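Good morning, and thank you for coming.

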Amino acid sequence: MILPGATLGLLGGGQLGRMFTAQARRMGYEVVVLDPDPGSPAGALATRHLAASYTDAAALEEMARTTSVVTTEFENVSADALHLLATRVRVAPGATAVHTTQDRVREKQFLHDQGIATAPFAVVRTPDDLAGAWTQVGAPALFKTSQLGYDGKGQLPVCTLRDLEDAFTHLGGVPGVLEHRLPLETELSVVLARGDDGRVAAFPAGDNIHHQGILDTTTLPSALPASITEQATRCASLIAERLEYVGVLGVEFFVARGGLLYANEIAPRPHNSGHFTQDACTLCQFEQQVRAICGLPLGHPALLSPVCMINLLGDLWEHGPPRWDRVLDLPGVTLHLYGKATPRPGRKMGHLNCLAPTAAEAFALAHRARDLLVSGAPATQGT
């Protein structure tokens with residue numbers, strides 16, 4: 001076990017890293033963050049910030065020399081760097097798990113090999129693959145690049161073979177996945193932790209709504225039948241087991257018409273849809289991450305209140321600074337900001353956790369609260 005007082009290493013310095021760092025320091029750990037951005041949100045809270053590339057040899061040497069365990073904040077970290085670190089220091093999750101989940105082609109093939117249902121897909125590596133992939137998948141579909149796609153980036157809808165050819169060119173002619181667009185009822189996600197001993201502790205599944213490819217809200221308790229949320233939790237647990245995963249893992253699912261469940265994406269880290277755990281559960285996903293990577297007993301997650309997490313994007317700053325005073329006056333609303341200096345449209349700047357007696361009331365409260373943030377909006381909306 002790695003006990004409080006030790007130093008934890010973190011590759012990645014965005015908002016997930018910031019919240020991990022805050023929780024780790026609250027639990028008595030020191031944190032060294034490696035992130036090339038001098039204004040890294042996590043670096044601002046860390047004991048030490050190494051402002052260097054994720055493949056910088058000197059920075060990796062310093063990380064290996066000074067930390068007891070290294071974890072990741074996002075999946076697009078060099079697997080080679082993780083393998084190198086693993087020769088010197090504990091790394092969790094492991095390089096193999098991150099390597100599998102950081103590439104959509106490898107991820108889809110992994111899910112297929114485990115017998116886990118996904119939307120029908122075909123792999124596209126070169127222009128010669130386009131016609132065959134289109135014949136296999138058909139309309140409507142999405143073309144997604146194999147790497148570096150998130151929050152709706154790196155993907156385009158396609159309805160014809162010509163659309164697919166244009167999308168492939170527009171996205172750089174890089175390998176990707178052509179995925180059939182299912183007739184969806186809803187989306188949900190499961191966030192869980194898995195320890196060295198194989199024990200899995202899952203948070204309750206949450207219902208997700210996306211807007212323009214970016215998660216907008218996560219609401220709990222789920223409105224779906226228990227049979228579906230339990231199936232999703234079993235599936236996510238199987239994924240963690242087969243990856244020999246240690247840490248916190250998020251799995252996004254589609255629920256198609258008729259209640260059919262399909263795995264969509266695996267995130268080898270804490271997840272945006274797990275932010276509700278900060279205010280509505282017995283412990284948060286970032287504490288579970290600390291516990292798991294340090295070999296400590298996992299906590300026992302339970303939902304304490306209905307909740308809706310709603311994201312705050314840079315668009316809210318378009319007409320001036322948000323009206324935080326209006327939101328902080330609402331019972332049940334908690335504000336989390338990420339320490340980012342520059343708001344941009346579509347950029348995640350923070351989130352609200354909104355607690356209420358029922359999920360429907362929490363959902364309504366979240367939208368009312370976010371509306372009140374817009375400068376110039378009438379304050380009577382919140383009363």
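Which residues of H12 are buried? In this predicted model, they are Ala359, Ala362, Leu365, Ala366, Ala369, Arg370, Leu372 and Leu373. Viewed down the axis of H12, these buried residues fall within an arc of 155°, so they line one face of the helix. The cover over them includes strand S13 (214-220), strand S16 (307-313), helix H11 (324-328), strand S17 (333-337) and strand S18 (348-355). As for the length of H12, its 15 residues, 359-373, should span 21 Å at 1.5 Å a residue, and the 21 Å between its end C-alpha atoms agrees with this.

Let me set helix H1 beside that. H1 comprises residues 15-26, twelve in number, and reaches 16 Å from its first C-alpha to its last, close to the 16 Å expected at 1.5 Å a residue. H1 is mostly covered, with nine of its twelve residues buried. Those nine are Gln15, Leu16, Gly17, Arg18, Met19, Phe20, Thr21, Gln23 and Ala24. After H1 comes glycine 28, which has a positive phi, near 100°.

How many cavities of 30 Å³ or more does the structure hold? There is one, and the volume of the largest cavity is about 40 Å³. Its lining is formed by Leu10, Leu16, Phe20, Thr71, Thr72, Glu73, Pro270 and Gln289.

In soluble globular proteins, nonpolar side chains tend to be buried together. The largest nonpolar core here has 24 residues, and those with the most contacts inside it are Leu111, Leu188, Val190, Ile239, Leu249, Phe253 and Leu261. Two or more residues each come from helix H5 (104-113), strand S10 (184-194), helix H8 (226-242), strand S14 (247-256) and strand S15 (260-267). Which of these gives the most to the core? H8 does, with six residues. Apart from this core lies another, of 23 residues, including Ala6, Leu16, Val69 and Ala92.

Leaving out residues up to four places away in sequence, leucine 261 touches Ala117, Leu188, Ile228, Gln231, Ala232, Phe253, Phe254 and Val255. Threonine 229 is placed in helix H8. Is threonine 229 buried or exposed? Its relative accessible area is 15%, and the limit for a buried residue is under 20%, so threonine 229 is buried. With the same exclusion of residues up to four places away, threonine 229 touches Leu188, Ala205, Ser222 and Leu224.

Next, the open space. The second largest pocket holds about 270 Å³. Of its 13 lining residues, His211, Gln212, Asp216, Leu313 and Asp315 are the closest to its centre. S13 and S16 are the elements that give two or more residues to this lining.

Glutamine 212 is in the loop between S12 and S13, and its phi is near 50°, a positive value in a residue other than glycine. Glutamine 212 counts as exposed, at 68% relative accessibility. Glycine 213 lies in this loop between strand S12 (206-211) and S13 and is partly exposed, with a relative accessible area of 39%. Although 133 residues separate glycine 213 from glycine 346 along the chain, their C-alpha atoms are 9.8 Å apart.

A positive phi near 50° is found in glutamate 244 as well, again a residue other than glycine. Glutamate 244 sits in the loop between H8 and S14 and, at 66% relative accessibility, counts as exposed.

Finally, the cis peptide bonds. Where do we find them? One joins alanine 139 and proline 140, with omega about -10°, and another runs from leucine 220 to proline 221, with omega near -5°. Proline 140 lies in the loop between helix H6 (130-137) and strand S7 (141-145), while proline 221 lies in the loop between S13 and H8.

Thank you; I welcome your questions.

Terms used: Residues are numbered from 1 along each chain as its sequence is written. This is a predicted model: local features need pLDDT of at least 70, side-chain atom pairs count only at pLDDT 80 or more; totals for chains, interfaces and linings use all residues. Side-chain values use heavy atoms; hydrogens and water are left out. Helices (H or I, at least four residues) and strands (E, at least two) are DSSP runs, numbered from the N terminus. The expected span of a helix is 1.5 Å times one less than its number of residues. Buried means under 20% relative accessible area, exposed over 50%, partly exposed in between (1.4 Å probe, protein chains only). The arc is that of the directions from the helix axis to the C-beta atoms. Contact means heavy atoms within 4.5 Å. A nonpolar core is a set of buried Ala, Val, Leu, Ile, Met, Phe, Trp, Tyr and Cys residues joined through side-chain atoms within 4.5 Å. On a 1 Å grid over the protein atoms alone, a cavity is a set of points where a 1.4 Å probe fits but cannot get out, and a pocket is an open set with protein on both sides within 12 Å along at least five of seven lines; lining residues have an atom within 4 Å of a point. Grid points are joined across faces, edges and corners, and a volume is the space filled by probe spheres set on the points.
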